[in-house]
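Could you take a look at this one with me? I've jotted down some notes to go with it, in plain words.

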Amino acid sequence: TAALVSRFIQEDGSERLRLAFGQRQYLKQPRVGLYQNEPPHQSRSDMLLAASGTISESWSFDSGVQYDASGSSLYSSNVGVQWRPGQMKVLNAEYRYQRDSFRNVDLSAQWPIGRRWYGVGRVSYALRSYGVGQPANLPAGGGKLIESLIGLEYKADCWVFRMGAQRFVTAAREASTPIFFQLELNGLSRLGLGNPLESFNKSIPGYTRLNTGIGRP
């Protein structure tokens, strides 16, 4: 396996741009396979290419490509942009594609909506829904909402309250909608139902905890 990574570092030590390329070459035919009738083994793996960087102080991007060199076709790709104009303010947009599998658009945000109030949200929409109970070829414009999240946070002087709901597809025509809330006393403990802090962190890239630097991580 060989990989090449190039980084552009600014004078202040921050990374402005990162480029990466990698591929695996097989010297021998594998003796173990996952399936009984596997396709003929290739002498090399797909090529992986990635690029990420900072466009300006508030704009950044991240992208990746998996290219099937043997079949001369694109297997998967993703490209995303992030806008962070200030503290506790972030907007994300990402497009993900995988051949014969899915084409998804993902939007997420954290934003102040009033004095001491902050809103968070995420929407993940399948432009083409292969699987999840859907036929492989949907009609033009067909798709499905596969995940959504909405939440509110309130920041007081010595405590933070969070609440929200998350909906995601679990099977064909089935969905789960957990609801959670939490009261965090700075430096002491957290009380509530579920773990909204973990959900916000996983669902929203660039999410910032309101009481960062205080108490538990």
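Here are my points, starting with the whole chain and ending with single residues.

1. A word on the source first. This is a predicted model, in which local features need pLDDT of at least 70, side-chain atom pairs count only at pLDDT 80 or more, and totals for chains, interfaces and linings use all residues. Residues are numbered from 1 along each chain as its sequence is written, and side-chain values use heavy atoms, with hydrogens and water left out.

2. Now the overall build. The protein has 13 strands and one helix (DSSP runs numbered from the N terminus: E for strands, at least two residues; H or I for helices, at least four).

3. How much is tucked away? Of the 217 residues, 29% are buried (under 20% relative accessible area; exposed is over 50%, partly exposed is in between, with a 1.4 Å probe and protein chains only). The protein exposes about 14,000 Å², and carbon and sulfur atoms supply 56% of that (Shrake-Rupley method, 1.4 Å probe; for residues, only the protein chains shown count as cover).

4. Not counting residues up to four places away in sequence, Phe 180 touches (heavy atoms within 4.5 Å) a list of residues including Leu 149, Met 163, Pro 196 and Phe 200.

5. Ser 108 sits in strand β7 and counts as buried because its relative accessibility is 5%. Beyond its neighbours within four places in sequence, its contacts include Val 90, Asn 92, Gly 121, Ile 204 and Pro 205.

6. The second largest pocket has a volume of about 200 Å³. A pocket is an open set of points on a 1 Å grid over the protein atoms alone, where a 1.4 Å probe fits, with protein on both sides within 12 Å along at least five of seven lines; lining residues have an atom within 4 Å of a point. The volume is the space filled by probe spheres set on the points, which are joined across faces, edges and corners. Of the 14 lining residues, Gly 80, Val 81, Asn 92, Glu 94 and Pro 205 lie nearest the centre. Which strand gives the most to this lining? That's β6, with four residues.

7. Asp 46 is in the loop between β2 (15–23) and β3 (47–54), while Tyr 75 lies in strand β5. They are 29 residues apart in sequence, with 8.4 Å from C-alpha to C-alpha. Asp 46 is in contact with Tyr 75, and also with Gln 66, Tyr 67 and Asp 68, among others. Asp 46 counts as partly exposed, at 23% relative accessibility, and so does Tyr 75, at 25%.

8. Finally, a backbone check. Most residues other than glycine have a negative phi. Asp 100, in the loop between β6 and β7, has a positive phi near 55°. Arg 116, in the loop between β7 and β8 (117–129), has a positive phi of about 75°. Asp 100 is exposed, at 69%, whereas Arg 116 is partly exposed, at 26%.
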